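These are my notebook entries on a structure that is new to me. I record what I looked up, entry by entry.

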Amino acid sequence: MTKRHVSLPDDAEAGVQAFIDEVDDRLSSSEDTCDVVRDVLIDLHGDREAWDAWQAGADVSRAERVRLQSYDPCNATLESEYYAEKDEEAFKRSKYLQWLWRQFDATPMADNIHFALRFRQMLGRHLFADCGENCRFFKGISFTYGHNIEIGDNVVVHDDVHLDDRGKLTIGDRVSISDGAHIYSHDHDIVDQTSIRNFHTIVEDDARVTYDSMVRAGCRIGENSVVGARAVVQGDVPDHHVVVGMPAQSIRVKPGWESVAAEIDDGRLENNQDAREIPAEIPDDIEQFDEFERGLTRPEAEE
């Protein structure tokens with residue numbers, strides 16, 4: 001194996017664990033989540049003195065006021081907040097926790113690996129629908145909501161990965177997702193890009209989704225399979241297969257697994273997206289709008 005154990009000095013370890021436990025306890029309590037997130041971010045960003053002075057009536061510049069207000073996630077919006085079909089009740093809490101995750105990553109402490117991995121693991125247990133043990137979440141990971149993600153044990157997600165859970169995303173045990181990978185659970189209509197469909201995307205146990213690759217919504221990445229670097233997966237990857245390319249095709253079965261791996265013709269991946277669609281229902285009281293306002297009309301419709 002290529003890894004070794006690393007630990008912090010005893011005093012640093014005690015401080016790190018005490019802080020993580022404190023935040024965990026507060027998030028597990030009945031305390032308002034916005035208040036918890038605000039307090040944690042004020043202190044992590046070293047702004048407690050400025051915050052207290054402002055609360056006591058001190059004058060602050062317009063820019064400083066915006067900064068101080070924005071530690072409270074109730075004063076911020078996320079792109080996914082505008083999605084009309086989301087579960088509004090579930091999003092209330094996941095938005096606040098996602099804000100804490102993102103703003104924590106903007107601090108110098110996000111590069112302190114022994115601390116940051118454990119802090120994000122703790123946040124994952126509050127944010128995700130399910131989060132297993134011994135997961136390692138690195139810097140710059142983004143989500144759509146968070147509450148539609150299920151993650152198994154011993155999963156590693158590296159830097160700058162996007163996990164889209166506008167539909168649903170299930171990640172099995174011992175999965176490795178490399179830097180820059182994007183895994184989607186929603187698609188846009190090719191004619192009307194404002195029309196979307198949500199799907200259940202699945203990454204099975206022991207799969208590897210490697211550097212800068214993309215998995216299309218509604219695909220299944222099979223058990224013990226490998227998605228090669230910069231591959232674009234548009235169908236189901238069979239168990240134990242290695243796929244590469246744009247679009248991804250199977251080029252081989254992992255050595256030693258030939259006797260149990262399915263054979264596929266020409267390396268082409270079967271698309272089962274329709275079977276994994278999640279119907280989206282938009283409440284009647286939601287006022288929808290077209291952000292593009294293009295008014296495009298197909299040529300045949302004009303004849």
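Is Asn 134 buried, exposed or partly exposed? I found it partly exposed, with a relative accessible area of 48%; buried means under 20%, exposed over 50%, and partly exposed in between, with a 1.4 Å probe and protein chains only.

Before going on, I noted that the model is predicted, that local features need pLDDT of at least 70 and side-chain atom pairs pLDDT 80 or more, and that totals for chains, interfaces and linings use all residues. Residues are numbered from 1 along each chain as its sequence is written, and side-chain values use heavy atoms, with hydrogens and water left out.

Entry on the whole protein. I listed seven helices and 19 strands; these are DSSP runs numbered from the N terminus, helices (H or I) of at least four residues and strands (E) of at least two. The C-alpha atoms fill a box of roughly 70 × 65 × 30 Å along the principal axes. Of the 303 residues, 46% are buried.

Entry on the sheet. I traced an open sheet of seven strands with mixed pairing, in the order S2-S5-S8-S12-S15-S17-S18; two strands pair if DSSP finds at least two bridges between them. Strand S2 (136–137) and strand S18 (249–253) each have a single partner strand, so one side of each is left without a neighbour in the sheet. S2 runs parallel to strand S5 (residues 156–157), joined by two bridges, and Arg 136 stands opposite Val 156. Strand S15 (residues 226–227) and strand S17 (residues 241–244) are also parallel, over two bridges, with Val 226 opposite Val 242.

Entry on the hairpin. I found S17 and S18 antiparallel, joined by four bridges; His 241 has Val 253 as its bridge partner. Four residues lie between these strands, and Gly 245 takes a positive phi near 100 degrees. In the loop between S17 and S18 I also located Pro 247, whose peptide bond from Met 246 is cis, with omega near -5 degrees.

Asn 134, in the loop between strand S1 (130–131) and S2, has phi near 55 degrees. Arg 174, in the loop between strand S7 (168–171) and strand S8 (176–177), has phi near 60 degrees. At 42% relative accessibility, Arg 174 is partly exposed.
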